[in-house]
Amino acid sequence: MEKIKLGVLISGRGSNMQALIKAGQDCSFPAEVVCVITNNNKAAGLKIAKQAGISAFIVENNPLDADRIHEILVQHKVHLICLAGFMRILKADFLTKWHNKVVNIHPSLLPSFKGLSAQEQALKAGVKITGCTVHYVTPEVDAGSIIAQTAVPVLPNDNIQSLSERILAEEHKCYVEAIRLIAENINH
């Protein structure tokens, strides 16, 4: 079985990227991270990529250099782009080039609590269950087809940090499982 090649876009700590890298190191996992791209030269995830021996690239952020991102992904023969805390919205023309080949992880059970501060939105709404969603990326933010979801209970004493930490722990598992599903589907 040939592993599908993942390109991961990050802006920060890279913990979801790290979960994907770790999964890819298992010979039975059907995908591997081949390059990491960031719009933030101080992203902690750059160190993780370097330690794993994965090529990492910093692209211009203002405006976002989508042409350079595309070029890097093509050079590395990427099959699937994984957004992992990438805090920029990709434009429609980029998403058209990579139609159904860009996925994202979001810290809520979409379609609830789209956009930024999803955990805070969940707490303010008083819901008893929230979670995380892996979905295809479309020009409309957090609106693409859902691939996988994991529910996380909202506890009575939760604050933004405690809820965020519990959701993040589930994100790492959910993202890996979603990528496994996509890769197995591609390989059949």
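Student: How many disulfides does a search of the whole structure find?
Tutor: Keep in mind that this is a predicted model. A disulfide is a covalent bond between the sulfur atoms of two cysteines. To count here, the two sulfur atoms must lie within 2.5 Å. Searching the whole structure on that basis, the number of disulfides found is 0.

Student: Which cysteine sulfur is nearest to that of Cys 132, and how far away is it?
Tutor: Cys 132 is in no disulfide, and its nearest cysteine sulfur belongs to Cys 174. The cut-off is 2.5 Å.

Student: Is Cys 132 buried or exposed?
Tutor: Buried means under 20% relative accessible area. Cys 174 has a value of 4%, so it is buried. Cys 132 has 0% relative accessibility, so Cys 132 counts as buried.

Student: What about Glu 177: which class does its accessibility put it in?
Tutor: This residue lies in helix α6. Buried is under 20% and exposed is over 50%, with another class in between. Glu 177 has 38% relative accessibility, so it counts as partly exposed.

Student: Which element gives the most to the lining of the largest pocket?
Tutor: That pocket has a volume of about 850 Å³. The elements giving two or more residues to its lining are α1, β5, α5, β6 and α6. One of them gives 4 residues, and that top contributor is α6.

Student: How many nonpolar residues are in the lining of the largest pocket?
Tutor: The lining has 39 residues, and Gly 85, Phe 86, Met 87, Ile 105 and Pro 107 lie nearest the pocket's centre. Split by class, the lining has 6 charged and 15 polar residues, and the nonpolar ones number 18.

Student: Why do the buried residues of α3 line one face of the helix?
Tutor: The buried residues in α3 are Ile 69, Ile 72 and Leu 73. An α-helix has 3.6 residues a turn, so residues three or four places apart point the same way. Looking down the axis of α3, its buried residues line one face because they fall within an arc of 95°.

Student: Which helix is included in what covers the buried residues of α3?
Tutor: The cover includes the strands β1, β2, β3 and β4. It also includes a helix, residues 92-97, and that helix is α4.

Note on methods. Residues numbered from 1 in each chain as written. Predicted model: local features only at pLDDT ≥ 70, side-chain atom pairs only at ≥ 80, totals over all residues. Heavy atoms only, no water. 1 Å grid on protein atoms, 1.4 Å probe; cavity = no way out; pocket = protein on both sides within 12 Å on 5 of 7 lines; lining within 4 Å. Points joined across faces, edges and corners; volume = space filled by probe spheres on them. Nonpolar A, V, L, I, M, F, W, Y, C, P; charged D, E, K, R; others polar. Buried < 20%, exposed > 50% of the residue type's maximum accessible area, 1.4 Å probe, protein only. Arc of directions from axis to C-beta. Contact = heavy atoms within 4.5 Å.
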